[in-house]
Amino acid sequence: MAKNDKPDGYTVSGALAPLQHYPHMQKVDWDPLKDFTWIIGLGGYTFVYAVRADSPFKIMKEVIAYAKANPEKVTVGNAGAGTTQNLLVEAMGAIAGVQFTHIGFKSGRENAQNLVGGHTLGGVDAIGSFLPMIEAGKLRVLMTFDESRPKWLARRAHRAGPRL
């Protein structure tokens, strides 16, 4: 659409997150930030990095330090290659200078179940996929990918006790 239609003030489209993923995964001749005028955001997700409640990791700095000392030993469950969750882990690893081992799952539920079962050391997903197990005391959130921790998440942490 960016290349076929000239800006006329009448052409409007809806776009999902993958539109912004493509330039990071393949060569494209358009830029999702420069070639479109974003006018409204209708929804969003709070993505989190979570570990088992009994994990020795209490903060992300400990996960990063472990990953540096043990290259490719930190397994991180996510929704599969090319998803927002996968790209968040890739970006986090690049910024921290570590290599995570990605484990792709078919769903957030499968990701959470494998994390609780100890098959992965960490997991990245939308908070809704992990929330039932967080509130049950089985998982702990180490970080969100939001600019700051959402207030509603802090309120849930208070109700759930020190586990969150």
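This is a conversation about how some features of a predicted model get their labels.

User: What confidence does the predicted model have overall, and how many of its residues reach 70 or more?

Analyst: Happy to start there: the mean pLDDT is 84, and 87% of the residues reach 70 or more. Over residues 158-164, however, the pLDDT is below 50. That stretch still has 12 contacts in the model beyond near neighbours in sequence. Where pLDDT is low, the predicted coordinates should not be read in detail.

User: What is the overall layout in helices and strands?

Analyst: There are six helices and five strands. Along the sequence they follow the pattern α-β-α-β-α-β-α-β-α-β-α. Of the 164 residues, 36% are buried. Taking contacts between residues at least 6 apart in sequence, 66% join residues at least 24 apart.

User: Why is Asn114 called buried?

Analyst: Buried means under 20% relative accessible area. Asn114 has 18%, so Asn114 counts as buried. Asn114 is in helix H4, and beyond its neighbours within four places in sequence it is in contact with Phe105, His119 and Thr120.

User: What makes the buried residues of H4 lie on the same side?

Analyst: The buried residues of H4, residues 108-116, are Gly108, Asn111, Ala112, Asn114 and Leu115. They cover an arc of only 165° around the axis, and therefore sit on the same side of H4. Their packing partners are strands E1 (47-52), E2 (75-78), E4 (122-126) and E5 (139-144), along with helix H5 (127-135). After H4 comes Gly118, with a positive phi near 80°.

User: How do you know that the buried residues of H2 line one face?

Analyst: In H2, residues 60-69, the buried residues are Met60, Val63, Ile64 and Ala67. Down the axis they fall within an arc of 95°, so they line one face of the helix. On the face turned away from the buried side are the exposed residues Lys61 and Ala69.

User: Why is Leu139 called buried?

Analyst: The cut-off is under 20%, and the relative accessible area of Leu139 is 0%, so Leu139 is buried. Leu139 belongs to strand E5.

User: What makes the pair of Asp54 and Arg52 a salt bridge?

Analyst: The closest N and O atoms of Asp54 and Arg52 are 2.9 Å apart, and the cut-off is within 4 Å, so the pair qualifies. The structure holds one salt bridge. With 55% relative accessible area, Asp54 is exposed, while Arg52, at 27%, counts as partly exposed. Side chains of opposite charge can pair when their charged atoms come close.

User: How do you know that Asp125 has no salt bridge?

Analyst: The nearest side chain of opposite charge to Asp125 is Arg109, 11 Å away. A salt bridge needs a distance within 4 Å, and Asp125, which is buried, has no such partner. Asp125 is in strand E4. Its side chain does have a polar contact of 3.5 Å with the side chain of Ser129.

User: Which residues does Asp125 touch, not counting those up to four places away in sequence?

Analyst: Asp125 touches Thr46, Phe47, Val48, Gln85, Gly108, Asn111 and Phe130. Among these, Gly108 and Asn111 are also buried residues of H4.

Technical notes
Residues are numbered from 1 along each chain as its sequence is written. Side-chain values use heavy atoms; hydrogens and water are left out. Buried means under 20% relative accessible area, exposed over 50%, partly exposed in between (1.4 Å probe, protein chains only). Helices (H or I, at least four residues) and strands (E, at least two) are DSSP runs, numbered from the N terminus. The arc is that of the directions from the helix axis to the C-beta atoms. Contact means heavy atoms within 4.5 Å. Lys and Arg count as positive and Asp and Glu as negative; His and the chain ends are not counted. A polar contact is a pair of N or O atoms within 3.5 Å; within protein, one must be able to donate a hydrogen and the other to accept it, and residues adjacent in sequence count only if both atoms are side-chain atoms. pLDDT is the predictor's confidence in each residue, from 0 to 100.
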